[in-house]
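Here are some notes to read alongside the model, written for someone meeting it for the first time. Take the points in order and keep the view open as you go.

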Amino acid sequence: MRDQAYKLRALMAETTAPFEGNGRVIAVTSGKGGVGKTNVSVGLALSAARSGVSTVLIDGDLGLANIDVLLDLHSGKNLGHLVEGEAKLHEILISGPEGIRVLPGASGLTQVADLSHSRQQRLFDAMGELVREHDLVIIDTGAGISRSVIDLCQAAGEVLVVTTPEPTAVVDAYAMLKVFSCETRTPKCWLTVNQAQSRGEAQQVSSRIKALAKKFLSLDLEDGGAVLFDPRVSASVRKRQHFSRAYPSSPASRSLRELAERLGIQKQRRSRGGFLNRLKEVFVGDMGGARERSF
Ligand SMILES: Nc1ncnc2c1ncn2[C@@H]1O[C@H](COP(=O)(O)OP(=O)(O)OP(=O)(O)O)[C@@H](O)[C@H]1O
Ligand SMILES: [Mg+2]
């Protein structure tokens, strides 16, 4: 693990890409799996793109990628081929609805830190290119608290933590926030409650998490509101169409639009600095004790 960390530092220290004109990067994560990260990530990307924001959606699930399935997109090649040097970025990027671009994830890829130097280099180069060329980058992370997920979230700089009202999901979301709070570079954290029966229920859940995070983790959470439970979400998944397109006036679609507004992504324009600097900081900077922990 330590060897891999040194390799990563060396790799990122070599990066000479220009760090200006980068887009905003938001990683969507959860702790517990199956809470709705992918549906929320896709919805946010579509919502931003609808407002004219150039948006790329990265399927950051290195184990069980499925954005292409959800959007009924057909990708011959994916992130796995790119990492292996078998395909260039422009060969794997696909066009999705509303003009979004999608980077299909890999299946069965190992942890980023365990990849060889040249494979990591290809991954970071590709991400850097995407961030430089778009106003907004949404990364849908895999489930669980792994080193790869934490590193992606830290590099993104902004994280949307998704939970449902179920206690198991709440506990895992809190565990994820605890990990962020222990890291040397804590990302800005938003919280949204998906599959809530009502806004009141979501409010109760998020107030509790917010208070606990403030008291025990000294973490100020940004309020991402709620995405309401709606059977049309599942119906849309079966149709392989996102619910915000299949049922634009449904409660879930309306609440998703509110989340996009809270995040301010519909007016997103390129900012200075950003992802590449943070990517470099995450891997090159002082990695301290927290960086050597394994999850
Ligand atoms: N707001 C909602 N209302 C009703 N059902 C929902 C809602 N959001 C998600 N779901 C259901 O939950 C299932 C899981 O959603 P999704 O695949 O987006 O979760 P995930 O967190 O990305 O899962 P994984 O951790 O496996 O990547 C979906 O198939 C969908 O049917
Ligand atoms: Mg998912």
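1. Strand 2 (residues 55-60) and strand 5 run parallel and are joined by 6 bridges. One bridge pairs Val-56 with Val-137 of strand 5. Strands here are DSSP runs of E with at least two residues, helices are runs of H or I with at least four, and both are numbered from the N terminus. Two strands count as paired if DSSP finds at least two bridges between them.

2. A word on what you are looking at: this is a predicted model, in which local features need pLDDT of at least 70 and side-chain atom pairs count only at pLDDT 80 or more, while totals for chains, interfaces and linings use all residues. Residues are numbered from 1 along each chain as its sequence is written, and chains are lettered from A and ligands numbered from 1 in the order in which they are written.

3. Strand 5 also has a partner in strand 1 (residues 24-29), again parallel, with 5 bridges. There, Arg-24 sits opposite Leu-136 of strand 5. How enclosed is strand 5 (residues 136-141) by the rest of the structure? It is largely enclosed, because 6 of its 6 residues are buried. Buried means that 20 or more other C-beta atoms lie within 10 Å of the residue's own; exposed means 12 or fewer, partly exposed is in between, and C-beta atoms are placed from the backbone.

4. In a regular strand, side chains alternate between the two faces of the sheet. In strand 5, Leu-136, Ile-138 and Asp-140 point one way, Val-137, Ile-139 and Thr-141 point the other way, and all are buried.

5. Strand 1 has another parallel partner, strand 6 (residues 158-163), over 4 bridges. Here Ile-26 stands opposite Glu-158 of strand 6.

6. The chain has 13 helices and 8 strands. Of its 295 residues, 47% count as buried. Among contacts with a separation of 6 or more, 79% are between residues 24 or more positions apart. A contact means that the C-beta atoms of two residues, placed from the backbone, lie within 7 Å.

7. Helix 2 and helix 12 (residues 251-263) meet at an angle of about 70°, with their axes 10 Å apart. They are therefore roughly perpendicular to each other, a label for angles of 65 to 115 degrees. Gly-43, Leu-44, Ser-47 and Ala-48 of helix 2 make the contact with Leu-256, Arg-257 and Ala-260 of helix 12.

8. Please look at ligand 1 too. It is surrounded by 19 residues, the closest being Gly-33, Gly-36, Thr-38, Ala-143 and Ser-234. A residue is near a molecule if its C-beta atom, placed from the backbone, lies within 6 Å of it. Helix 2 (37-50), strand 7 (188-196) and helix 10 (231-239) each supply at least two residues of this shell. By class the shell has 7 nonpolar, 9 polar and 3 charged residues. Ala, Val, Leu, Ile, Met, Phe, Trp, Tyr, Cys and Pro count as nonpolar, Asp, Glu, Lys and Arg as charged, and the others, Gly among them, as polar.

9. Finally, a few single residues. Gln-195 belongs to strand 7 and has a positive phi of about 60° although it is not a glycine. Gln-195 is buried, with 22 other C-beta atoms within 10 Å. Pro-231, found in helix 10, is exposed, with 10 such atoms within 10 Å. Pro-231 and Gln-195 are 36 residues apart in sequence and 9.7 Å apart from C-alpha to C-alpha.

Note on methods: Axes are lines fitted to C-alpha atoms, for helices over the stretch in contact, and angles run from 0 to 180 degrees between N-to-C directions. Angles under 35 degrees count as roughly parallel, over 145 as roughly antiparallel, 65 to 115 as roughly perpendicular and the rest as oblique.
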